[in-house]
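This note sets out, point by point, some features to look for when reading the structure below. Each point may be read alongside the sequence and the model.

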Amino acid sequence: MTAAPNHPNARPEQKMKAIVTVMPKAGVLDPQGKAIEHALGTLGFGGVGEVRTGKIIELELAETDPAAARAAAEAMARKLLANTVIESFRIELA
Amino acid sequence: MNAVILLFPGTNRERDMAIALQKATGKKPTILFHQETALPAGTDLVVLPGGFSHGDYLRCGAMAARSPIMPAVAEFAAKGGHILGVCNGFQVLTEAGLLPGALLRNAGLRFLSMDCHLRVETTNSPYTSRWQQAETYRAPMAHGDGNFFCDAETLARLQGEDRVAFRYVTAEGEATAEANRNGAIDNVAGILSENRRILGMMPHPEDLVDPLMGGTDGLPLFESIAGVFATA
């Protein structure tokens with residue numbers, strides 16, 4: 001018999017994780033990406049094109065329904081995690 | 001004029017701002033903590049000062065823009081209230097959606113702490129009426145993320161509606177690339193809201209309001225806004 005989702009003995013893998021990746025939008029200057037690009041060149045790494053930096057935010061969610069979890073993470077991203085004037089985001093569930 | 005200065009954890013310019021406001025109005029501003037949920041009755045001007053609110057976590061101003069006091073500030077704005085945001089305060093106002101655009105990391109990645117020169121691009125605002133059109137003044141700046149950015153459509157609107165308050169210029173008043181140290185779009189240093197009552201700017205006019213500070217270049221801004229309420 002398996003434990004109910006909220007049961008104290010519920011296995012940790014039943015928790016859902018949303019991984020939000022936030023990146024600067026195309027056309028928005030990314031000075032950190034540029035600095036990394038130059039540093040890679042200085043270190044002798046050839047063949048590196050444009051470098052862009054962003055951030056990854058992991059959210060542990062109580063929600064167990066994937067669609068609801070995605071919707072919740074999207075609302076969080078729009079309201080706080082990303083500034084959609086300059087950043088875009090994508091969400092993966094794990 | 002009843003001015004209220006908002007204080008977030010990490011704000012560090014509230015006292016300089018209070019000195020400048022008191023100098024122009026003769027009245028001590030109220031300092032209000034971010035966890036309050038209402039502005040004092042009779043507030044004429046809300047000021048968001050500089051600093052590093054919430055440690056600049058996530059994005060500069062992102063956390064402060066979602067603090068408990070901000071719904072009251074948005075309501076104050078919707079009713080036509082006057083709001084001034086300087087440096088981190090400008091970042092908070094863009095994050096709160098009270099001003100358009102965003103402040104990106106400085107183009108050269110360096111934290112810039114130096115004097116700059118600003119050209120008054122419009123005198124048609126409650127904050128710039130005591131200056132002459134195209135007058136150039138000196139202001140200290142101290143920021144790592146002051147690179148103003150907005151999309152082309154927003155920029156055209158800001159320009160078309162005469163809402164660029166200040167541009168970075170040389171001491172001679174030329175808007176060159178060299179004068180634009182943080183890489184801001186179109187040399188923009190400060191912008192106004194649609195109703196012209198909200199001003200956000202990166203440099204610090206409050207740091208030059210007394211000869212003891214090395215000059216009074218920033219004083220006209222505070223005299224302008226004080227004048228709005230002195231005659232009201």
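1. In this predicted model, strand E10 (residues 188–192) of chain B pairs with strand E11 (residues 198–201) of chain B in the antiparallel sense, over three bridges. Within this pairing, B:Leu192 stands opposite B:Leu199 of E11(B). The hairpin formed by E10(B) and E11(B) has five residues between its strands, and there B:Arg196 adopts a positive phi near 70°.

2. E10(B) also pairs with strand E9 (residues 164–169) of chain B; the two run antiparallel and are joined by three bridges. B:Arg167 has B:Val188 of E10(B) as its bridge partner. As to accessibility, E10(B) is mostly covered, with five of its five residues buried.

3. The largest pocket holds about 540 Å³ of space. Its lining comprises 26 residues, of which A:Gln32, A:Lys55, A:Glu87, B:Arg59 and B:Asp145 are the closest to the centre of the pocket. Both chains contribute elements: strand E1 (16–24) and helix H1 (31–42) of chain A, and helix H3 (88–95) and strand E5 (102–104) of chain B, each supply at least two lining residues. Sorted by class, this lining has twelve nonpolar, eight charged and six polar residues.

4. B:Cys87 is in no disulfide, and the nearest cysteine sulfur, that of B:Cys60, is 8.8 Å away; a disulfide would require the two sulfur atoms to be within 2.5 Å. B:Cys87 is counted as buried because its relative accessible area is 4%, under the 20% limit. B:Cys150 is likewise in no disulfide, the nearest cysteine sulfur again being that of B:Cys60, at 18 Å. With a relative accessible area of 2%, B:Cys150 is also buried.

5. B:Gly50 is placed in the loop between E3 and helix H2 (70–78) of chain B. Is this residue, B:Gly50, buried or exposed? Its relative accessibility is 0%, and B:Gly50 therefore counts as buried. Leaving aside neighbours within four places in sequence, B:Gly50 is in contact with B:Thr11, B:Asn12, B:Arg13, B:Val86, B:Cys87, B:Asn88 and B:His204. Between the C-alpha atoms of B:Gly50 and B:Arg119, which are 69 residues apart along the chain, the separation is 21 Å.

6. B:His34 lies in the loop that runs between strand E2 (30–33) and strand E3 (45–48) of chain B. The relative accessible area of B:His34 is 6%, so this residue is buried. Apart from neighbours within four places in sequence, the residues in contact with B:His34 are B:Leu7, B:Phe8, B:Pro9, B:His54, B:Ser67, B:Pro68 and B:Ile69.

Notes. Residues numbered from 1 in each chain as written. Chains lettered and ligands numbered in written order. Predicted model: local features only at pLDDT ≥ 70, side-chain atom pairs only at ≥ 80, totals over all residues. Heavy atoms only, no water. Helix = DSSP H or I, 4+ residues; strand = E, 2+ residues; numbered from the N terminus. Buried < 20%, exposed > 50% of the residue type's maximum accessible area, 1.4 Å probe, protein only. Contact = heavy atoms within 4.5 Å. Pairing = 2+ DSSP bridges. 1 Å grid on protein atoms, 1.4 Å probe; cavity = no way out; pocket = protein on both sides within 12 Å on 5 of 7 lines; lining within 4 Å. Points joined across faces, edges and corners; volume = space filled by probe spheres on them. Nonpolar A, V, L, I, M, F, W, Y, C, P; charged D, E, K, R; others polar.
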